[in-house]
Amino acid sequence: MKYIKLLRPKHWAKNTFLLIPLFFAGEIFKPEKLLELLLAFMAFSITASSIYIINDYQDIEADRKHPEKCKRPLASGEISKPAALLLFALCILAGAGLGYWVGLKFLFVLGIYFVMNLLYCFGLKHISILDIIILAIGFVLRVKAGGIAGNIAMSEWLMVMIFLLALFMAIAKRRDDVLIKIQSGQEMRKAAKGYNLDYLNVILSLVSAVIIVCYLMYTMAPETQVRFHTYRLYYTTLFVIGGLLRYLQITYVENNTGSPTKILYKDRFIQLTILLWVLSFYVLIYWPTNKVFFE
């Protein structure tokens, strides 16, 4: 159980971003592509787990000072350093093997993700602004890898949207770190020295506004309407705005944005907006095929 905890399987939910290209291409029900995406998902998840292990290894002392992270297997002493490094090596081999099975181009993107995050663990995470940009790029690489695995061309609009959304969540997470510093006096991250509440509040509001504008432009862009054979995609903006407002409420009112994954698993409002957004896109893209229902 402690080794599974070290792998952080709950965070594998982030890798569902690999399915986004397949869903938007209207090919989510093609078994052969789903099987390829499943292998890609496992490759990314195992590789991500190797990064979590080395990150926890590097942050043992800092995590012991954190109210939540002190419970992690390495910080709490449940797992020894040599055992963690062995598991790290096994994850790299397994992730690379699965990535090679999916394809060399996919393996190349997976390699970029791994190297970027390894550099993040060994120092880049201490550079403010760069740390949140790297986290956001990680999600873009997931979507790019999903497009490669499914042999699907990606829209530039969608890539920009994914980057902005991931940046939004990373900023909210850093805000939580600053709040912990204010409350406990403990410096959770070296990068936190480059942030304060006023600055994070401004850029969080700025990015959320840009997300809404970009999403509206994406749904109403001529190429998007041609691709999906409908001009009604802007209806789905309602759920995007609802989800963002709820996330901002959690951030500003509840001061509880330490883990976006935890919010995804626990917050019913966020879950409902995501479900309705997916359903609305499903109806517009997959059913009915002749669009008579909407005329």
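Is isoleucine 129 buried, partly exposed or exposed? Isoleucine 129 is partly exposed, with a relative accessible area of 41%; buried means under 20% relative accessible area, exposed over 50%, and partly exposed in between, for a 1.4 Å probe and protein chains only.

Before continuing, please note that residues are numbered from 1 along each chain as its sequence is written. This is a predicted model, in which local features need pLDDT of at least 70 and side-chain atom pairs count only at pLDDT 80 or more, while totals for chains, interfaces and linings use all residues, and side-chain values use heavy atoms, leaving out hydrogens and water.

**First stop: two loop residues**

Keep isoleucine 129 selected. The residue lies in the loop between helix H7 (104-121) and H8; helices are DSSP runs of H or I with at least four residues, numbered from the N terminus. Although isoleucine 129 is not a glycine, its phi is positive, at about 75°.

Next, select asparagine 151, in the loop between H8 and helix H9 (156-184). Asparagine 151 also is not a glycine and has a positive phi, near 55°. With 69% relative accessibility, asparagine 151 counts as exposed.

**Second stop: H3 and H8**

Two packed helices are described by the angle between their axes and the distance between the axes. Select helix H3 (residues 31-58) and helix H8 (residues 130-149): their axes come within 9 Å and cross at roughly 150°. Axes are lines fitted to C-alpha atoms, for helices over the stretch in contact, and angles run from 0 to 180 degrees between N-to-C directions. H3 and H8 are therefore roughly antiparallel to each other, a term for angles over 145 degrees. Now display the residues that make the contact (heavy atoms within 4.5 Å): among them are Leu37 and Phe44 of H3 and Leu141 and Ala145 of H8.

Select H9 together with helix H10 (residues 197-220); they pack at an angle of about 160°, with their axes 9 Å apart. That makes H9 roughly antiparallel to H10.

Select arginine 246 in helix H12 (residues 237-252). Arginine 246 is buried, with a relative accessible area of 13%. Beyond residues up to four places away in sequence, arginine 246 touches Glu254, Asp267, Phe269 and Ile270. Which residue's side chain does a polar contact of 2.5 Å join to that of arginine 246? The partner is aspartate 267; a polar contact is a pair of N or O atoms within 3.5 Å, and within protein one must be able to donate a hydrogen and the other to accept it, while residues adjacent in sequence count only if both atoms are side-chain atoms.

Conventions
Angles under 35 degrees count as roughly parallel, over 145 as roughly antiparallel, 65 to 115 as roughly perpendicular and the rest as oblique.
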